[in-house]
Each structure stands twice: as C-alpha cells, then as structure tokens.
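Here are my notes for your review. Please read them with the structure open.

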Amino acid sequence: MNAKLQGKLAVVTGAAQGIGKAIARQVAEDGATVVIADRNGPGAEAAAAEIGHGARGMRCDVSSEADVAELFDTVAEGKAVDILINAAGIVPFISWDEVDLAHWQKILDTNLTGVFLTSRKATDMMRAEKKPGVVLNISSNSFFAGTPNMAAYVASKGGVIGFTRALATEIGRAGIRVNALTPGLVDSDGVKGSPHADSFDFVEMLQAMPGRGQPEHIAKVASFLVSDDAEWITGQTINVDAGMVRV
Ligand code: NAD
Ligand code: 4PL
C-alpha cells in the first residue's frame, strides 16, 4: 500500500458519490483517515462503509455556516484537520434563458460560498494550532472553456479559482497550501444520472485524447496534490481533462 498520506486526517465534501467519493477512496487507500461530509447524510455513511480504512460519514450542507461549524468542531473533537478537499457541487444543465436569480443564488451558495465556509473554518483551526495543512478545491475546466448551459456554474467555478489564488497568497506563511483542480467532463454518478448526459457527448471531440473522463482520473491527481510530494505547489490550478483546454 502506498502510505503517502499516513497519519493525516482529511475531510472530503460532496463525497457521498461521484468525483468526491473517488477522491475519498483514493486518499483513504493512500493512508489518510477520511471524513466524508455530504448534504446526503445516509449517502455519506454508505460511502464511508464501502470505502473502509476507518472512513466516517457525516451530514453537512456546505452552504450552511452552522453545519460547517458543527462538522469541523466534532470531526476531531475540536482539533484541526490536515487536509480539506472541497468537492461538493451542484452541476446544472440550464440554458441562459432559464437562469434566474434563485438559480444563480443556489449555485453560488453551494459551489462558491460552500468553499469559503469550509476554508474559513478549517484554516482558522489549522492556524490556531500552528499546524501546516492543505486545501484542495475542485473547480472545473468549464471556467476556461465557457461551456454552455451552465452560466452560474461557470461563474462559481471561476470564483473558486480566484479565491484559491488569493487564499494561497495570504496563508502560505502559515504553512498552508491551497490549490484548485479543474476536471473536464467526468462520468460521475451525477452526470451519468442526468437527463442531459448525452448533451455532453461533444466534449470528447474537443479532447486531445479520446475517451470519457472517470472519477479515478481526478482522484489520483487530487491525492498527489494534498500529499507532501506537492509541497512546493500552491496557488495553482491543475487542469485534468485529456487536453480539452490548454491552460
Ligand atoms: P455528483 O452530483 O455525482 O456528486 C456531488 C455530491 O455533492 C453529491 O453527493 C451531493 O449530495 C453533494 N452536494 C451537493 N450540494 C451539496 C451541499 N450544499 N453540501 C454538501 N454536499 C453537497 O457530482 P460530480 O460530477 O461528482 O461533481 C463533483 C465536483 O466535481 C463538483 O464540484 C463539480 O462541479 C465538479 N466537476 C464535475 C465535472 C463532471 O463532469 N462531472 C467536471 C468538472 C468539475
Ligand atoms: C467540459 O464541470 O467541465 C460538462 C459538466 N463538460 O460539469 C462540468 C465540461 C461538464 C465540464 C463540465
């Protein structure tokens, strides 16, 4: 077993299914103790049981400040986690004519404010203990591509990249690294179950390499980025999309 994350405590949000779940599995296999935090509480617990390695599941809506406070205050009895991976997200398929303020707000609340809330709490706790730590935010290559039918989503994912850069700059002195990862289209549970799944078929033609992105493609890079092998990488956006966009 590769134990590059041995002894680390990691929170992975949105890990009841999809990319987050694959990341939780990979970091657990790489030695970390994992807490799966998801709005879907039973799903979080089921994923944790499936992954094993001492993984635990907790219900947490990342857009709720109270839920996020409760998560981090209970997860290690008030002690800081080593690793925060923000994978919780809503992936909409909605044409521009349908985008109203309620939709915009809902997407921003989870995809961007959720990243702020968890980062706020986790990095405050790390610094209180003078503990080095890592934050990894799952953005999307749709920010570079301007992918259609997801305007609020693309805006939220650009916000995540901007926030990643700013936080990394401010917090590097505390020994905390902050990076973003931008997947291209991935056959996640959410995408496979979407009534619009076929609408993304055009993406494969845009990739340099053929094939459909899988959650495991993302998980391997995520585990590297939160490991000490990436100790000199911070404030960066790592694109993982079979060469669809060249950043
Ligand atoms: P998915 O729908 O399969 O899983 C998303 C998970 O997030 C679900 O378990 C859901 O319950 C959880 N979640 C949603 N809102 C939440 C909230 N407010 N609080 C806590 N948990 C919440 O999605 P996925 O395709 O695996 O996407 C995971 C991440 O990867 C998202 O951030 C998404 O934007 C990003 N991403 C996905 C793709 C893709 O093609 N699938 C591409 C680029 C980026
Ligand atoms: C290229 O983040 O980046 C579809 C769905 N196609 O969610 C995404 C691309 C989707 C993407 C995304």
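1. Does Phe143 count as buried or partly exposed, and at what relative accessibility? Phe143 counts as partly exposed, because its relative accessibility is 35% and the buried class ends under 20%. Keep in mind that this is a predicted model.

2. Phe143 has a ring partner, Phe144. The two ring centres are 5.6 Å apart. Their planes meet at 55°, so the pair is tilted; edge-to-face would need an angle over 60 degrees. Phe144 is partly exposed too, with a relative accessible area of 32%.

3. How many aromatic pairs does a search of the whole structure find? It finds two. One is the pair of Phe93 and Phe200. Here the ring centres lie 5.8 Å apart. The planes stand at 80°, so this pair is edge-to-face.

4. Where do Phe93 and Phe200 sit? Phe93 is in the loop between β4 (83-86) and α4 (101-128). Phe200 is in the loop between α7 (189-192) and α8 (202-206). The pair therefore ties together parts that are 107 residues apart in sequence.

5. Phe200 counts as buried, at 9% relative accessibility. Phe93 is partly exposed, with a relative accessible area of 27%.

6. Next, the helix packing. α4 and helix α6 (residues 151-171) have axes that come within 8 Å. The axes cross at roughly 15°. That angle is under 35 degrees, so α4 and α6 are roughly parallel to each other. The crossing of α4 past α6 is right-handed.

7. Which residues make this contact? From α4 they include His103, Trp104, Ile107, Leu108, Phe116 and Arg127. From α6 they include Ala151, Tyr153, Lys157, Val160, Phe163 and Ile171. By class, the residues of the contact of α4 with α6 are 14 nonpolar, six polar and two charged.

8. Asp67 is found in helix α3 (residues 65-75). Is Asp67 buried or exposed? Asp67 counts as buried, because its relative accessibility is 14% and the limit is under 20%. Leaving aside residues up to four places away in sequence, Asp67 touches Arg59, Cys60 and Asp61. Please look at these contacts in the model.

Notes. Residues are numbered from 1 along each chain as its sequence is written. Chains are lettered from A and ligands numbered from 1 in the order in which they are written. This is a predicted model: local features need pLDDT of at least 70, side-chain atom pairs count only at pLDDT 80 or more; totals for chains, interfaces and linings use all residues. Side-chain values use heavy atoms; hydrogens and water are left out. Rings of Phe, Tyr and Trp (its six-membered ring) pair if their centres lie within 6.5 Å; planes under 30 degrees apart count as stacked, over 60 as edge-to-face and the rest as tilted. Helices (H or I, at least four residues) and strands (E, at least two) are DSSP runs, numbered from the N terminus. Buried means under 20% relative accessible area, exposed over 50%, partly exposed in between (1.4 Å probe, protein chains only). Axes are lines fitted to C-alpha atoms, for helices over the stretch in contact, and angles run from 0 to 180 degrees between N-to-C directions. Angles under 35 degrees count as roughly parallel, over 145 as roughly antiparallel, 65 to 115 as roughly perpendicular and the rest as oblique. A crossing is left-handed if the near helix is turned anticlockwise from the far one by less than a right angle, and right-handed if clockwise. Contact means heavy atoms within 4.5 Å. Ala, Val, Leu, Ile, Met, Phe, Trp, Tyr, Cys and Pro count as nonpolar, Asp, Glu, Lys and Arg as charged, and the others, Gly among them, as polar.
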